Amino acid sequence: MSLLKDGALAQDPWVAVADDAPLPEDGAPIVSLARWQRDRAALRARNGALGVRLPNAAPVAAIADDLDRLTLVALEFPKFNDGRAFSQARQLRERYRYTGELRATGQVLRDQLLFMTRCGFDAFEVAKGDPVSAWANALTDFTVFYQPTGDGRPTAAALRRAGG
Amino acid sequence: MTGQIATANRLVDGAVVFRRADGGWGLRVEEAVVIADEAAAETLLAAAKRDAAAALVVEPYLVEVDAAGAPTSYRERIRAYGPSRAFHADVPTRHP
Amino acid sequence: MYQYDTIDQTFVQQRVAQFRDQVSRRLAGELAEDEFKPLRLLNGLYLQLHAYMLRVAIPYGVLSARQLRALAHVARRYDRGYGHFTTRQNIQFNWIKLAEAPDALADLAAVGIHGIQTSGNTIRNVTTDELAGVAPDEIEDPRPWCELIRQWSTLHPEFSFLPRKFKIAVTGSPHDRAAVRVHDIGLRMHRNPAGEVGFEVLVGGGLGRTPLIGKTIKPFLPKRDLLSYLEAVLRTYNLAGRRDNIYKARIKILVHDIGADAMAERVEAEWAQLRDGALVVADADIARLAAAFAPAPYAPRSPRSEAVEHARLTDAAFGRWLKRNVFAHKVAGYAAVKLSLKPIDGPPGDATADQMDAVADLAERYGFGEIRVSHEQNLVLPDVALDDLPALWRALDALGLATPNIGLVSDIIACPGLDYCGLATARSIPVAQHLTRRFEDIARAHDIGKLHINISGCINACGHHHVGHIGLLGVDKNGAEHYQITLGGRADEHAALGKLLGPAVPYDGVVDAVERIVETYVRLRQDGEIFVDTVKRVGPTPFKEAVYVAA
Ligand code: SF4
């Protein structure tokens, strides 16, 4: 796995921590939703960065009250064609105004990168293979967007209104 | 007596093709190499799958044929001989 | 009609460029089939029995003459000289070469059409009434709203990997010609007591393995809220629809499992968060679209045409065509004309490249250059002056497009079936051909009256057999083609699912069986009663006896 962020391969400072493993003293742990719910008070009291991995069957509301404390939320694509996390991402960004890192994990394909970005993802765990340039190019395939998604890209309708 | 042949669609144009004895792929079912025993059929399928991996053909599989070399299932006869009737001037149909 | 502006044009060309790159990666062996398949499907390219099949979207069934000529060009240049119009107002080309598919799509993109989202678990081509904008009973023209939905749903980043495919249909008339009750979402425009026009929203209708009639979850949705509400429905479905079983993944199963009330509540909760957001339909946006569909520059004409009256009295063939294929228009002195793609012994819904070119010419000569595609797999010239009808009829007759059988027993809806389709269990087209020959006598067909026969080659129900007055479903019995018969289905505002009559009949017996059913109806009908009403009144027993006892 490599981490793709801001159009480049990045060092991943985060470590996934199993539910029964002790939390590392420092560093940035990602815990499961189950562990977060179990140890919520203790985790919140910790110093430093915290991340939660939200299963795609869980409602985003399950972590809504904690988004102020979370610096990373990881969403899951168990298979590329299981698109639930697209909706979760938009709810996190647009409804709950979550501003931390939103990471796509699982089967993340280059031909989905633009969709993910538009839904609010800003970090991607990708299988090694395609060159970084190919991933970067995937973001430039289109310059026209028909839906407002909160990603700031102007929609076709907005351009038409501005153009008169 | 029945036998088996390997069929697939050619990647570049989707044409129905049949694996020949020389390892190439032909457009007519009559060209297909007919295999009588299971072990040889597995070998044929494995070779066909290598051609799929090499981006020559798509989704190869084995088809049962009768003693005359014609596919036994109706679906495979339509693949081999074209639509069941000449719906248009240019539609290939050559059902025996 | 709506014309692509430079924004749409840029988009569709970028899409072709992206697909061209994907195809070349595939041909070079850089992409394996399992990686490439979802990408080609998202551009409407299937691998069928004989070759690749390209499905091209005709948005809500509206084509310009120029676009129809481009379809003819694709049929001629990249295929075998014909195309097949489907029940979803799309067209399919059956013999496309992968290496040439990007070129074909580029030629189509030049006139603003494409294959995007004609496959895959996406929001599919939105469909509507083929008489939209010209039907006298219409409350409001649904096409601007269809175009709004088309744009909103095109490469929607959140809804491109839904649990299953998703079909939306819209009707602007009380008489439903768009079958909105058997779609994932059906939108029915109507007027509330305050006189405002809005949408009734139905969800969870559909055919296929589990046919269900849609349920109303919003009796009246203000027009400004259309997109936010659709987004709420789609999000609810995307998050909660089943993904563990492909046969239970459509929204109809979700609605069925949790109930329409619970579905309505969930959507309402989601919508509460969205309704005043960025998706509110701006007046300027819908006004721009409405202007694109502004009424054509009709000339003032008499509602009565002497030319028509004369031809009707002097030529019985013209009279029959006038009665069956010509439809009332909201503007006096005009009519909408249906072009039958159901000639006797022809493959239903097919048109040759030459026919398409000729129809494009006729659309310009006898109209304003517009053609519609109906979900019954026929074409429509929507704006014909009454005085032009005799000349148009002669031209269509010469093209083989004037069979006077619209809505009759030989106007058969059929999917491609086993002659083309990789999923099929039995043939559809030859069954339709045999049936049209059996009912070739047009006077007899007119006497039988309105009767829809629908044929599907497998349980996927692309031929909408559940909603045929007579439905035929191809099944396999010990390696031989058989057909299940259902009676009493209908797709209109009285939508109902047909009921299975009895055991499936073999290929060789299906035409006789249908004829016995029709004869039973003729024997039992009461004054003016159409087939499906007789079935409803007398029940299945006499038909069962006719098919299974007499046989
Ligand atoms: S109903 Fe079945 S056979 Fe007919 S087109 Fe659909 S999938 Fe193919």
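## Chain B against chain C

Between chain B and chain C about 2400 Å² of area is buried, with carbon and sulfur atoms giving 60% of it. On the chain B side, B:Arg85, B:Phe87 and B:His88 supply 25% of the area that this chain buries against chain C, which is more than any other three residues. The structure is a predicted model, and the values in this report are to be read with that in mind. In terms of residues, 24 from chain B are in contact with 32 from chain C.

The rule finds two salt bridges across the interface of chain B and chain C, and C:Arg80 forms a salt bridge with B:Asp90, where the closest N and O atoms are 3.7 Å apart. Ten residue pairs are found in polar contact across the interface of chain B and chain C, with both residues at pLDDT 80 or more. Strand E1 (3–10), strand E4 (57–65) and helix H2 (74–81) of chain B each supply at least two residues of the side that touches chain C, and H2(B) gives the most to that side, with four residues. By class, the side of chain B that touches chain C divides into twelve nonpolar, five polar and seven charged residues.

## Chain C against chain A

The contact of chain C with chain A takes 38 residues from chain C and 31 residues from chain A, and the area buried between these two chains is about 3200 Å², of which 56% comes from carbon and sulfur atoms. C:Ile7, C:Pro157 and C:Phe161 supply 22% of the area that chain C buries against chain A, more than any other three residues.

Across the interface of chain C and chain A the rule finds eight salt bridges together with 22 residue pairs in polar contact, both residues being at pLDDT 80 or more. The side chains of C:Arg25 and A:Asp111 meet in a salt bridge, at 4.0 Å from N to O. The elements of chain C that give two or more residues to the side touching chain A are helices, namely H1 (6–27), H2 (33–41), H5 (143–153), H6 (226–240), H8 (260–274) and H9 (283–292). H1(C) gives the most to this side, with ten residues, and the side of chain C that touches chain A has 15 nonpolar, eleven polar and twelve charged residues.

## Domains 1 and 2 of chain C

The domain assignment divides chain C into domain 1 (6–109), domain 2 (134–292), domain 3 (306–399) and domain 4 (413–549). The C-alpha centres of domain 1 and domain 2 of chain C lie 27 Å apart, and seven residues of domain 1 are in contact with ten residues of domain 2. These two domains of chain C bury about 740 Å² between them, 67% of it on carbon and sulfur atoms; within domain 1, C:Phe11, C:Tyr60 and C:Arg88 lose the most area to domain 2, together 63% of what that side buries.

The rule finds one salt bridge across the interface of domain 1 and domain 2 of chain C, and C:Asp8 forms a salt bridge with C:Arg150, with the closest N and O atoms 4.0 Å apart. One residue pair is counted in polar contact between these domains of chain C, both residues being at pLDDT 80 or more. H1(C) provides the largest share of the side of domain 1 that touches domain 2, three residues, and that side of domain 1 of chain C divides into four nonpolar, no polar and three charged residues.

Note on methods: Residues numbered from 1 in each chain as written. Chains lettered and ligands numbered in written order. Predicted model: local features only at pLDDT ≥ 70, side-chain atom pairs only at ≥ 80, totals over all residues. Heavy atoms only, no water. Contact = heavy atoms within 4.5 Å. Buried area = accessible area lost by both parts, 1.4 Å probe. Polar contact = N/O pair within 3.5 Å; in protein donor to acceptor, adjacent residues only side chain to side chain. Nonpolar A, V, L, I, M, F, W, Y, C, P; charged D, E, K, R; others polar. Domains from an automatic or database assignment.
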